[in-house]
Each structure stands twice: as structure tokens, then as C-alpha cells.
Amino acid sequence: MYQSQTKGKAVADRLLNYLRDSKAQPGSRLKSVRILAEEYEVSTQSITSAFEILEKARIIERRARSGVFVRNSYYSTNTEIGIFCNVVNQTNEYQQMIFKLTGAPYRDPEFNFTIRTATLGNFGVDMELLRMELESFIDKNNLDCLLINMPTLTQEGVELCNGLRIPVIFLGDFQYPEKINTACHQIKADNFEGGYQAVVTLFQLSGNKRLVLLIAASDSFFYREYLEGARQAAKENYLELNIIEIFGTRKALIPESEVPLFFDRAIEKIQNLDCGDAVFFNLLDERLSDYFSALNLPYINQLYRKVRSKEQICSFCRDVNSLVHYVLDNEKPAKRQIVRYNKPEILKYSQQI
């Protein structure tokens with residue numbers, strides 16, 4: 001057994017030298033075990049052992065019913081990480097934070113990143129189309145690990161992703177996590193605590209006991225737990241919390257040209273509340289803040305907005321990089337789920353101009 005391992009190591013060194021000398025490109029296919037055994041005048045077992053060594057070193061990869069392929073070029077030792085995001089209209093705030101993984105100061109120096117955005121729909125994603133998209137992305141870029149942001153995935157979709165030949169980590173919440181029973185690697189937020197602390201912080205900053213919370217839609221996967229936390233904080237602190245849904249349905253179903261109309265209706269609802277001492281807390285993107293400013297509303301100074309602090313981004317990127325190392329450094333890693341909470345940073349609108 002020891003002699004076989006020694007021969008396997010010697011053959012692996014010879015194969016590696018060949019790849020280096022020939023400047024083999026990622027994706028190029030190696031000869032079969034039988035042919036290599038004849039050329040190197042060794043047993044097929046020694047070739048198989050050499051393949052195992054090179055695969056653990058992430059130099060080659062064995063694909064079922066396809067063969068053995070070069071994973072990294074001879075001069076690169078970095079790990080190839082893919083980021084796959086389903087984008088409906090435009091990248092959202094969370095996806096923009098994910099993309100920060102690829103640049104300084106958040107990028108792990110051992111990782112190379114490739115980003116792929118696709119529009120696969122917000123509901124009822126075709127599983128065969130998803131499989132083809134992901135496998136093509138993996139093959140084309142010789143990926144070692146795949147990060148996926150696709151909240152609308154179902155149980156079937158998660159199982160499909162887990163069945164890919166490289167490790168997969170899901171970033172963000174699923175729309176209906178209670179319907180997904182498959183274990184997976186995932187990094188998500190503590191939405192309940194986020195909503196709770198947001199209202200508490202807002203009250204501390206403003207001193208007002210009548211608050212208006214602007215949200216996109218209560219049926220959003222993010223806001224279900226978030227609103228529970230916000231209501232709990234209002235109850236414990238004897239606050240009057242008025243919740244206004246800007247869209248009243250999933251935003252993805254609304255054409256971009258009609259978004260300003262929904263902003264107008266939200267402003268009208270605020271005015272009808274007649275809350276002179278209310279604080280308006282924006283959880284959407286910057287467009288709503290800009291919209292308020294363009295209208296020159298008298299209560300613009302009562303508008304507060306949550307922003308992602310550098311600490312939050314650093315913590316998120318650190319968790320992702322750590323989990324990637326974990327899944328790659330272990331042959332059969334136990335599924336890990338990281339639930340991260342960071343206290344929200346809330347700024348008055350005048351601080352952001």
C-alpha cells in the first residue's frame with residue numbers, strides 16, 4: 001500500500017511537470033488512465049492515485065462520464081470562486097454588498113472571483129434552465145466553490161445546487177425557509193433582531209414616540225421577521241408604530257416606470273396620518289430619499305435611513321471567506337449556517353447629503 005502511494009506521488013509530480021512545461025490551460029482534458037499508464041509505464045492504480053493527489057491540490061478535477069480536466073493553470077495557485085446572482089430588474093443593495101467580496105479591502109488574497117448575473121425570473125424558476133446555467137458557469141470558469149444569491153429557490157432548487165460537483169454556499173435568506181428541509185451552507189441575517197434594534201435606535205435618535213416605518217411590501221421574505229421585531233420593540237417601548245407598504249406587493253412585479261407613482265401614494269399616506277412628530281424611516285434604496293429631496297417636502301429633516309456600515313460589510317465578507325475556506329479544506333464538511341446580526345447604522349437624511 002505504501003509503495004503504491006509513493007508511486008502515485010512520483011507520477012503526480014511527473015504529471016504536474018508536464019502541465020507546467022506544456023502550459024496546459026484550465027479546462028483542457030487529460031488523457032485517459034489507461035493511456036497514461038502505458039505512456040508512464042506504471043499501473044493504472046498509480047495513475048488513479050496521482051489523480052487523487054492532484055485533485056486534492058485543486059489542480060485537476062474529475063467529471064463523471066466526461067474525464068479529467070485541468071482546473072488551475074500551472075502558474076496559478078488561487079482558488080476560483082464564482083458568484084451567481086438572480087437579478088430581476090437591477091442589482092439590489094444586498095447583492096452590491098456581495099460584490100464587495102471581489103475587491104480591496106475585503107477580498108481574500110487566496111481567491112479569484114468571477115461574477116455571473118442572470119435573469120431567471122422571480123417565481124417558478126425552471127430547474128433545468130438553472131442547472132444548465134450553473135454547470136456552464138462552473139465549467140467555463142473552472143470554479144472551486146460557488147456562492148449563490150437566489151432567495152426564491154425552493155426545496156428542489158436547493159437540492160439541485162447541493163448536487164453540483166463543487167461546494168455551494170447560499171448568501172442571504174430564502175423566501176420561504178420554512179419549506180426547505182435540506183441542510184445547506186448558508187449565511188443569512190437575523191431579521192427579527194434587525195427590525196427590533198432598528199426601531200429602538202430610531203427612537204433613541206429622534207426622541208419621538210410616533211414613528212412611521214416605510215417598507216417595500218409585507219409579503220417580502222425579508223420583512224416578515226423584520227416587522228415582527230419592529231412591532232415587538234414598539235410594544236416594549238410604548239411607541240406608536242405606523243407601517244406603510246410602498247408597493248403592497250412584491251416589487252419585482254412592478255414596472256420600473258411605475259415606481260414613482262407608488263412613492264407618491266406613500267407620501268400621501270404619510271400626510272394623511274397627520275403625524276407632525278413622526279419619523280420616516282427608509283429601508284429602500286437611495287431613490288426614495290432622493291425622491292423626497294426633489295419634492296422639497298417640509299418634513300425632509302424627519303427622514304432617517306438605515307445604511308450598511310463598514311463594520312457590517314467587513315463582518316459579512318469575513319464570514320463568507322471563512323465559510324469558503326471551511327468547505328474547501330474539508331472533504332465532507334458538515335453543513336453550516338451562519339446567522340449574523342449587526343446593529344444597524346441609522347443616519348438622519350441631512351447627514352447623507
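**Exercise 1.** Work out what span helix α5 (residues 127–141) should have, and compare the distance between its end C-alpha atoms.

*Solution.* The expected span of a helix is 1.5 Å times one less than its number of residues, so the 15 residues of α5 should span 21 Å, and the end C-alpha atoms, being 21 Å apart, agree with this. Helices here are DSSP runs (H or I, at least four residues), as are strands (E, at least two), numbered from the N terminus. This is a predicted model, in which local features need pLDDT of at least 70, side-chain atom pairs count only at pLDDT 80 or more, and totals for chains, interfaces and linings use all residues. Residues are numbered from 1 along each chain as its sequence is written, and side-chain values use heavy atoms, with hydrogens and water left out.

**Exercise 2.** Find which residues of α5 are buried, and on which side they lie.

*Solution.* Taking buried as under 20% relative accessible area, exposed as over 50% and partly exposed as in between (1.4 Å probe, protein chains only), the buried residues are Met127, Leu130, Glu133, Leu134, Phe137 and Ile138. Because they cover an arc of only 130° around the axis (taken from the directions from the helix axis to the C-beta atoms), they lie on the same side of α5.

**Exercise 3.** Identify the salt-bridge partner of Arg116, and explain what the pair ties together.

*Solution.* With a salt bridge defined as a side-chain nitrogen of Lys or Arg within 4 Å of a carboxyl oxygen of Asp or Glu, Arg116 pairs with Glu133, their closest N and O atoms being 2.7 Å apart. Since Arg116 lies in strand β4 and Glu133 in helix α5, the pair ties together parts that are 17 residues apart in sequence.
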